[in-house]
Amino acid sequence: MSLSALKAELQSLRERVTGVMESAVATVDGLVVGADTDTVSPETVSALAAATLGLGKRFGYEVGLHELREVVIRCRGGYIVVYALGNIALLAILADEGLDVTRLHVESRPTVERLTHLLASERARA
Amino acid sequence: MLRMGEPISGFHLLRVMGSPGGIIHVREGLVISATTPASPGAESLLIRSGRVSEEAWNEAYTAGAPQDRLAAELVDRGSVGEAGLQVVCLSAVFDAAFAMALFGIEDSQPEVIGPNDVPPPLPVRPGIPREWLARETTRRLTITDEWRELGVTPFIRPTAVRPITPMQIGADQLRHDILVKANGRRTPRDIAFALGQGLFVVLKEISSLVSEGLLAIAPPPPPPVVEEHVVVVEDERKPPNLPRRRPGTSRIARLLGADLRNGK
């Protein structure tokens with residue numbers, strides 16, 4: 001997989017969606033694959049995002065709400081959004097409080113598709 | 001049915017389509033709220049700038065928001081003065097209208113607000129006449145044309161030219177804060193959110209810092225969408241690929257139904 005292609009996807013998402021500040025792609029067990037970060041540690045974001053995604057999936061099934069769409073966390077200073085990339089990885093996005101969450105969901109869909117494809121084709125080559 | 005340019009009565013919402021667009025609340029013809037991802041709202045201006053503490057905001061929100069009296073709770077608890085709060089709410093609306101117009105308005109869709117809809121949390125009372133808002137937005141857009149000559153647009157990601165040293169005295173705090181945040185990743189809008197300051201004020205300071213040679217502008221990426229009312233100028237003397245508005249095409253006046261002729 002081309003790491004530059006992955007980073008280009010993350011930068012493109014930041015430029016397309018107002019409010020997106022930083023992002024990272026990680027494996028489901030919390031290891032960094034690639035990141036477009038500024039102030040945060042990609043390792044920390046990856047590890048916490050993996051735990052968040054696992055918890056969100058489990059929570060959804062336990063309470064009968066079925067399959068996880070995404071995890072959205074809202075804090076005073078903004079949002080943390082975690083999307084699953086197939087069953088092997090995740091995309092974590094940090095955004096400020098101006099984020100239009102609905103727009104992010106729409107705009108991130110093709111990014112999630114392309115990142116999933118990138119990771120799957122890399123896996124097939126390995 | 002409310003249409004652009006027709007008199008507006010009752011309580012309505014204008015959903016502004018654009019990149020990123022936003023929402024304008026209108027009550028009895030007066031604009032009481034405007035919010036957009038392109039500029040910080042009143043909550044961000046109050047909390048991020050430190051004018052209201054997070055704790056005070058939470059307490060006032062819990063006590064007041066369910067009864068639509070968040071502003072009254074903030075004032076009653078002494079978190080912020082009544083006049084100060086109205087100034088912040090007013091400036092947030094003017095900044096939002098400016099930001100929406102600056103980033104480009106494609107269309108707008110009026111919607112009637114029902115009794116079960118949640119009203120805006122911090123409305124301007126009694127509200128801003130639409131002509132006033134449209135005129136002020138047009139004035140600000142005209143000023144941005146001057147900044148554009150320096151290469152300052154909403155799409156730039158400026159970088160501080162020199163390392164930033166801690167301030168010795170409190171003067172020019174905003175300029176200092178902007179230089180600290182200008183790391184080549186943040187747009188003016190991102191800096192405005194990070195500091196809890198209005199987009200117009202931040203753009204103004206950035207222009208000043210650029211003209212003084214304290215901020216550098218990397219070649220901006222092409223704007224995401226070139227709208228029909230935006231003309232790309234190919235002129236060797238000016239920065240390339242910067243969109244330029246044609247005068248009177250920001251659509252804000254038409255959107256607000258404001259008549260700006262004869263100085264009204």
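In this predicted model, Asp68(B) is partly exposed, with a relative accessible area of 35%, a value that falls between the limits of 20% for buried and 50% for exposed. Most residues other than glycine have a negative phi, and most peptide bonds are trans. The points below take up exceptions of both kinds.

**Positive phi**

- The phi of Asp68(B) is near 60°, which is a positive value in a residue other than glycine, and the residue sits in the loop of chain B that runs between helix H2 (54-64) and helix H3 (70-76).
- Glu28(B) likewise is a residue other than glycine with a positive phi, here near 50°, and its place is the loop between E2 and strand E3 (30-35) of chain B.
- Glu28(B) is exposed, because its relative accessible area of 56% is over the 50% limit.

**Cis peptide bonds**

- The bond joining Ser19(B) to Pro20(B) is a cis peptide bond, with omega near 15°, and Pro20(B) belongs to the loop of chain B between strand E1 (11-18) and strand E2 (22-27).
- A cis peptide bond also leads from Arg125(B) to Pro126(B), where omega is near 0°, and Pro126(B) is found in the loop that lies between strand E4 (105-112) and strand E5 (128-129) of chain B.

**Elements around the loops**

Conventions. Residues numbered from 1 in each chain as written. Chains lettered and ligands numbered in written order. Predicted model: local features only at pLDDT ≥ 70, side-chain atom pairs only at ≥ 80, totals over all residues. Heavy atoms only, no water. Helix = DSSP H or I, 4+ residues; strand = E, 2+ residues; numbered from the N terminus. Buried < 20%, exposed > 50% of the residue type's maximum accessible area, 1.4 Å probe, protein only.
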